Amino acid sequence: MIPELGQLALILALLLALAQSILPIIGAWRGNRAMMAVARPAAFAQGFFVVLAFVLLVWAFLRFDFSVQYVAENSNLALPWYYRIAAVWGAHEGSMLLWIFILNVWTLALATFSRQLPEPFVARVLGVLGLIAVGFLAFILFTSDPFGRLLPMPADGGDLNPVLQDPGMTFHPPVIYMGYVGFSVAFAFSIAALLGGELEQAWVRWARPWTNIAWAFLTCGIVAGSWWAYAELGWGGWWFWDPVENASFMPWLVGTALIHAQAVTEKRGSLRAWTILLSIFAFSLSLLGTFLVRSGVLTSVHSFASDPRRGLFILCFLVIVVGGSLLLYALRAPKVAGGKPFAVVSRESAILVGNLMFTVAAAMVLLGTLFPLIGDALNLGKISVGPPYFGLMFPLLMLPIVLLLPFGPYLRWGKGEVPVLKRVMARAGLAAVACAIIAAFLVDGQMKAIAGVAAAVWVAVGVALYVIKRWREMPRGRRYPAEMAGMLFAHAGVAVFLIGVLLSESLSVTRDVRMAPGDVQRIGGYAFRFDGVTETQGPNWRADQGTVTVTLNDKPIAVMHPQKRIYTREQVQTESAIDPGITRDLYVALGEPMDAQHIDGAWALRLYSKPFIRWLWAGGLLMMLGGFVAAGDRRFRVRRVANAQDNATPDKVTAREVRA
Amino acid sequence: MPMNPTRKRRLVIVTLVVAAAALAVALGVYALQQNMNYLLTPSQVQSGQAGSYKTFRLGGMVKGGSIQRDKDSLKVTFTVVDADGAMPVEYTGILPDLFRDNQSVIATGHMDSAHFVATEVLAKHDETYMPKELKDAMAKAHGNKKMPQGVDQGDAGQGGAQ
């Protein structure tokens, strides 16, 4: 009975989403206030039913309702309750439900906090969000029903994919979806602006915190995913250029460009059309990402067996969303273009260069990711693109950004002052060169590591100089408004990230070895002694657990317990053991027994020493923090009220006034 | 036609952007060409299709009972088969969790005389699922013959991975 209730809730939500999208958009077009007024209540009602459906699925998991096929396939009696909740989004159907659930969270927040905006605009924004909801609800109802029954009901279920049974994995998908779906707000704004034919700076100001929050969530999700790959996939890498990682990375790249472009549009009115285009791209790539992960078109760790009906639906949906919004853009963008002119040396130019690099990088990743599909279509054979392609292209494209980064805050809008920039360049450059020389002695002349130190110092000194400048020149309380503090956090995060990536990439030592109990392996000053394997057990797995004692100069540092787990359905999962540290991680993973009959004999082990690897996640978290802090700026809230008052005399700069 | 400063600046900017774009595209194409890995099955390799590639991916099933470990290193040899081909593979390192007899596998590496030296071995999927691209490649290699499930069922019994 309860699963059918869930299905019914989804059907009602679909009908309400239709009402939420069609009526207000027509209303805004015809100037019909009654039709526009439908948007908010319909959004709230749709939200209610989607939340209800989601809660019912969670309930089915908690109650072990194996008569629901999705529950039976992804959980069993031995699975702990927290993983049963995580199992809700552990496979295709549930993750689609999570997507629409989060879309409704964003929509509800938007409906609640948008009272100051002009009514036709809100009607259009909510209408566009409604249209997206229609697409997803239809997709769920027609191809991916999470409430489908399984009769006769089995006594016990299957299992949640063991790689997902990890604390990090319980929140990784919701967080990454918060990011993906959050870009739908910027998208809806842009489409609404195109439909209305005008884009007020005030609206962009209002949209900025939303985009920042979405971006911060996406950053957090990517960091969590990378951490999970490192700790849980068992082999110590933190980024594989896997299609699914790329799928989350492309919207991030475009989203990073977008939050900067929005700043330009809000403050100067320039780059309007570009900002709109970026919002369309960011959301389209999020959609592509969602589907790429789940459709099984590309072979990846995350993909599930595919269903041709789903693929077709996805293709149609993508064509409608991407094609439709680009068509609208082509028709209407000239109407919203405008803004103040700017010199070659100006903050606008610097942001534009950065934007181009981010967009090109996203295009590069897209090409590499979809190349197997292209090769397939052109009958070139089965092709995949190796990580070295990305590894070569990406740093090259990011180099100009890193070089420009220290100047960003010093550059004035409109026209920058060259002498100031020269001073910054001299100081940061000097510091970078000095640190690189010192580093060269410490790292044995490893070029990558030296470049990492130089780049990180270059960025960090640039940020620090600006922090000092503000401290000296501004009165207390006005030194670091949240927006600026966020920017400084995020830029400092880039420096920390650079240290982490380049030092760990160049200085890591990996050793795949065969070890019998008592054997010792040395990496640097660390001695790893293998003390054999014993059997152990968990709630829904049994495991062979190794013991490795690590000593440094004969002083014991850590006792590590890597495991090889076997889950309920005989799935094997490697659990690595990590000894964390600020300057290095030690990492041990258990391979296989050399003789399957005698697990107390020799084993294959992978030993790692990874200097500074934690810094790359720390850098990512700083960027995330920057996004959240910037979104909290009072300016975004205070002015909104002011705008509501002077709505009668808006400061809009439409095409007619600016462009000849 | 005389150039005013604005127009001149625009021209400079456009030239720079075009040059940068051309450079990026050239680099991208180069990097792509260097890193395209083809997926081939043993019979395709034996019919000489791998000739021109330095590195490629070999896909197929691990032949039952063919996994041989070296006594005192991490070297392991096994045979990858499809319907009408078999290819001995040599690999040094730790095999993935799902690697076992009669499982689909994709190995990246190069040919060394008559055998394949793998630098990476992937066996990502569970026992009921074969990577789609591998299924297609195998189907193509055999002119859309149905992918045989029992190529090596004969010796599956003595395989005994677990």
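Guide: The account below starts with a sheet and then moves on to other places.

This is a predicted model, in which local features need pLDDT of at least 70 and side-chain atom pairs count only at pLDDT 80 or more, while totals for chains, interfaces and linings use all residues. Residues are numbered from 1 along each chain as its sequence is written, and chains are lettered from A and ligands numbered from 1 in the order in which they are written.

In chain A, four strands form an open sheet in the order 2-11-10-9, with antiparallel pairing. Strands (E, at least two residues) and helices (H or I, at least four residues) are DSSP runs, numbered from the N terminus, and two strands pair if DSSP finds at least two bridges between them. Strand 2 and strand 9 (577-579) of chain A are at the edges with a single partner strand each, so one side of each has no neighbour in the sheet. On average, and ignoring direction, neighbouring strands of this sheet are turned by 15° against each other.

Let us look closely at strand 11 (residues 603-611) of chain A, which is mostly covered, with nine of its nine residues buried. A residue is buried if 20 or more other C-beta atoms lie within 10 Å of its own, exposed if 12 or fewer do, and partly exposed in between, the C-beta atoms being placed from the backbone. Both faces of strand 11 are covered, for on one side A:W603, A:L605, A:L607, A:S609 and A:P611 are buried, and on the other A:A604, A:R606, A:Y608 and A:K610 are buried too. Strand 2 (residues 509-515) of chain A pairs with strand 11 in the antiparallel sense over seven bridges, and here A:M515 stands opposite A:W603. Strand 10 (residues 584-593) of chain A also runs antiparallel to strand 11, joined to it by eight bridges; in this pairing A:P593 stands opposite A:W603, and A:L590 stands opposite A:L605.

Elsewhere in chain A, two helices pack against each other. Two packed helices are described by the angle between their axes and the distance between the axes. For helix 13 (residues 347-377) and helix 14 (residues 387-404) of chain A the angle is about 170° and the axes are 9 Å apart, where axes are lines fitted to C-alpha atoms over the stretch in contact and angles run from 0 to 180 degrees between N-to-C directions. Helix 13 of chain A is therefore roughly antiparallel to helix 14 of chain A, a description used for angles over 145 degrees, whereas those under 35 count as roughly parallel, 65 to 115 as roughly perpendicular and the rest as oblique. Among the residues that make this contact are A:A350 and A:V353 of helix 13 and A:Y389 and A:F390 of helix 14. The contact residues divide into 16 nonpolar, two polar and no charged; Ala, Val, Leu, Ile, Met, Phe, Trp, Tyr, Cys and Pro count as nonpolar, Asp, Glu, Lys and Arg as charged, and the others, Gly among them, as polar.

Chain A also touches chain B, with 32 residues of chain A in contact with 29 residues of chain B, and two residues are in contact if their C-beta atoms, placed from the backbone, lie within 7 Å. Helix 1 of chain B gives the largest share of the side of chain B that touches chain A, namely seven residues. Strand 1 (residues 383-385) of chain A and strand 1 of chain B run antiparallel and are joined by three bridges, with B:Y38 as the bridge partner of A:I383.

Two loops of chain A hold residues with a positive phi. A:N553, in the loop between strand 5 (541-552) and strand 6 (555-560) of chain A, has phi near 50°, a positive value in a residue other than glycine, and A:N553 counts as exposed because it has 8 C-beta neighbours inside 10 Å. A:W241 lies in the loop between helix 9 (201-231) and helix 10 (243-268) of chain A, and its phi is near 55°.

Finally, a word on confidence: pLDDT, the predictor's confidence in each residue from 0 to 100, has a mean of 87 in chain A, where 94% of the residues reach 70 or more. Over residues 639-660 of chain A, however, the pLDDT is below 50.
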